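Take the two chains one at a time, then look at where they meet. The paragraphs below follow that order.

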Amino acid sequence: MNPAVSSPADVYSYTIATYRALAEAIVPITPAMAEYGAEQAAGAVQLHVHEYIIWELDHSLTLVMGFYPEVVPLAYPTAALLNSGASQMIASGNAQFAPSNGTVPHVPFAALSPADRVRTLSRLERLEVDLRALPPPYRNDGGLVKFIVDYLNRAVMFGNYSEWPAYGTTRLETPTRRRLEGFPVGWKQAGYPGVSLGYRALRGYPLTIIREDGGYTIV
Amino acid sequence: MYDADVIVIGSGGGGAVAAKELGEVGLKVLVLEAGPFYGNSKWRNPNIERGGEWSSSFDDLDIGTYKRIYSRYENDMNDVVSGAFRFGPADRSRTPWHRVMRQKGDIWQLAGVGGTTQHYWAQSPRAFPSAVDGVWPISYSELIPYYEKAEATLPVQFAPTTPKEELFYYGAKKAGWSLLPTLDVTTPGYRPNPNAILRTNERLMDPNYSMEQLNNMEGCTLQGHCVNGCTSGPTVDKIAKRGTLVSYIPLALKTGNVAIRPNSFTIKIITDRDPKEGLRAAGVRFRDTWTGEVGELTARAVVLAAGCIESPRLWFNSELPYNYWVGRGLTNHCFDWVGGVFDEKDLMSIMGLPAVYPYMGHTSGARVDIPGIGIFQVSCLSPGLMSFLTYGFSEAGYDALNPPEPGAPWNVRGRTVGPALKELMMNYSRTMTYLLLTDDETLARNRVEVDPILKDENGPIPVVHYVPSAKTLQRRDRLARYACETLKLAGAKTIIRSDTPFSFMLHLESTMRMGHVVDTNCEAYQVKRLFIADNSVHYNGIGGPNPTLTTQALATRTSEKLAQLYFS
């Protein structure tokens, strides 16, 4: 436990700040790309993808503790993993800081430049860190570190480029209560027309199986 | 008195086949499935409330409920944590069921009637004969009649061409591959995928029919949602993509001899000891996933079809006799994933179209087969799935921190993040992606175990270990080079090799191998009357072809053998 993080409100702001920094490093806001369409400027933070990561990590694991199953929230310990990696990166003397450095005290991962957040993720997944200094459940469990760091990358992308952000005010509800409130921005960014009932896209059949009399031929 | 002639554990690619085949010969069959039953009037809100207990009538199938759940939205459907398609309980307010994997990767398995075939892409090739003959305890020719029966039942048909297949063939021909008009692949070449997908609706290109009309008629509409959950069809049993939920399960219910109980996780295989037969299966213990209540059912035989992870887990948790090979020999086709980004003008000159349209047609419609090495198949997904598979999921780390060596057949290897990712994703509609399936060497060290400490409500949880051999990695690299060559020859301007994590588990096979755990009838050597009918009985990874059809052929054969041995 980070000594600076004690109250639930601190945990929340610490966790949010960490995943905002993660989302921003992977799918950044890019004002210059607005020339290709206004939606191209938006980054994962504008689409609240950091909240998606937190929701997913806090709803991914149930284990029996003693006699009964209990949900094991992973967002906070995983944020602590990223910050531990960032602290080790900073201690190495090679880190570059974001211009916003200082606005998020006690969240070293967010203080780093986006490129150095990616280098931090890289060092973590290559286990170029002191595994004993990591928080539980990652302490001395390099395999789990590799799994989760890889997951964080793809989860940001899936959050951004799937329809999740379009669930709007219902995005943090249990999945069966989410309702679409618009067309997903990530789908606009990709040029995906949305779900479909069908496409008149048939361009022929190179081969066909014909079954008759209990056998088949290929034409 | 027994509760049934046969209990089938699991209703996925294999279990559903066993249920139908056994029901058709007149045996009374009970099927236990851990996940939900979508598209059934007994469970109108399957993710919210418990609903009924059993379904035993074809008339229970309900297309309205099916299409309401199968929304086609990728986050709603495919999110492995919270989607309708996940390995977890029906109640989506709860977490999925956990498996421990201490390496990069993910396990794409689904609970629910139809199992993982709900999101599979329906590729239904036969094994490469060279991976079976002289290797398996049974011959390829022994499998052929069962392949033919499964192919006719699903049915399997060669995929139609849509723009992405046209582009794929263009590159494959330029690279010198020739057309293989066969189901029995002994030489390298390209062909449309043999897919378990109904033929394209004959009215699809007729503008007098609206898409709403076409989507409620029989035949594929090329909607591009094989992975997100196909909705083309007038009734559950006529849905175009033939996962077992819409093929074998309706046929099983039609026999009048099969009852299916979803939301029921089997936690133990019950055995007794017969003076003549020795140790034998006599029933199961299961847990209702909504109420936590535990029930028991008895039968004269048990078919285990819980998949390559849960089948060995259930063996361990049932404390069945020790066998070194239980859980061992896991193969997974050690996948890779490559993509090519095309310029509009090149696409115009090749196809007269400005894009690849990766969201149209079968999710995967064409392949190059290379016996001895593997397969690459054009495979295009909705943008959320495509983005992470192409740019976010890698054994190689970040491309920018470790760029490819000069002269490599790819421009990008590993993850792309930051502004470069956004620029690539802007080209999604002009990007063609391939899934690569490696002929994966079978190794005892690759295995499923149960964790000595961690448990969920269903018992000690599985641990999955998978490290490919040097030979497998060599083949995978050759395959990536062949695949990227066809992209380049087709005109791709940027070529991406994701270097997919080895443990991206899509085609798990061979954890309860024939000849080691089960005999050639797929009956367990050490537990009589216990048959296995999922991918786990494969002796190996069948050379690289997608495994489901082989499991379905074997499940057909196993059902026949079971009925002959114990019910004739």
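A residue is buried if 20 or more other C-beta atoms lie within 10 Å of its own, exposed if 12 or fewer, and partly exposed in between, with C-beta atoms placed from the backbone. Helices (H or I, at least four residues) and strands (E, at least two) are DSSP runs, numbered from the N terminus.

This is a predicted model, in which local features need pLDDT of at least 70, side-chain atom pairs count only at pLDDT 80 or more, and totals for chains, interfaces and linings use all residues. Residues are numbered from 1 along each chain as its sequence is written, while chains are lettered from A and ligands numbered from 1 in the order in which they are written.

Start with chain A. Its secondary structure comes to seven helices and four strands. Along the sequence they follow the pattern α-α-β-β-α-α-α-α-α-β-β. The C-alpha trace of chain A spans about 75 × 55 × 35 Å along its principal axes. Of the 219 residues of chain A, 45% count as buried. Two residues are in contact if their C-beta atoms, placed from the backbone, lie within 7 Å. Among contacts in chain A with a separation of 6 or more, 52% are between residues 24 or more positions apart.

Helix 1 (residues 8-26) has 19 residues and reaches 27 Å from its first C-alpha to its last, close to the 27 Å expected at 1.5 Å a residue. The expected span is 1.5 Å times one less than the number of residues. Buried residues of helix 1 of chain A include A:Tyr14, A:Arg20, A:Leu22, A:Glu24 and A:Ile26. The buried residues of this helix pack against helix 2 (49-58), helix 3 (75-91), helix 4 (108-111), helix 5 (114-125) and helix 6 (142-161) of chain A.

Helix 3 of chain A is mostly covered, with 12 of its 17 residues buried. Among them are A:Tyr76, A:Leu81, A:Asn83 and A:Met89. Their cover includes helix 1, helix 2, helix 4, helix 5 and helix 6 of chain A. The end C-alpha atoms of helix 3 of chain A are 24 Å apart, which agrees with the 24 Å that 17 residues should span at 1.5 Å a residue. Just after this helix, A:Gly93 takes a positive phi of about 85°.

Now chain B. It has 14 helices and 20 strands. Of the 568 residues of chain B, 64% count as buried. Among its contacts between residues at least 6 apart in sequence, 73% join residues at least 24 apart.

Next, the strands of chain B. Two strands pair if DSSP finds at least two bridges between them. Seven strands of chain B form an open sheet in the order 5-12-13-15-11-18-14, with mixed pairing. Strand 5 and strand 14 (412-413) of chain B stand at the edges with a single partner strand each, so one side of each is left without a neighbour in the sheet. Within chain B, strand 13 (residues 374-378) and strand 15 (residues 431-438) pair in the antiparallel sense over five bridges. There, B:Ile375 has B:Leu437 as its bridge partner.

Strand 10 (residues 294-304) of chain B runs parallel to strand 1 (residues 4-9) of chain B, joined by five bridges. Strand 9 (residues 278-288) of chain B pairs with strand 10 in the antiparallel sense, again over five bridges. B:Val284 stands opposite B:Leu297 in strand 10 of chain B. In the hairpin of strands 9 and 10 of chain B, which has five residues between the strands, B:Gly292 takes a positive phi near 80°.

Finally, the chains together. Their contact takes 74 residues from chain B and 63 residues from chain A. Elements of chain B that each supply at least two residues to its side include helix 6 (163-174), helix 11 (383-391) and strand 16 (447-456).
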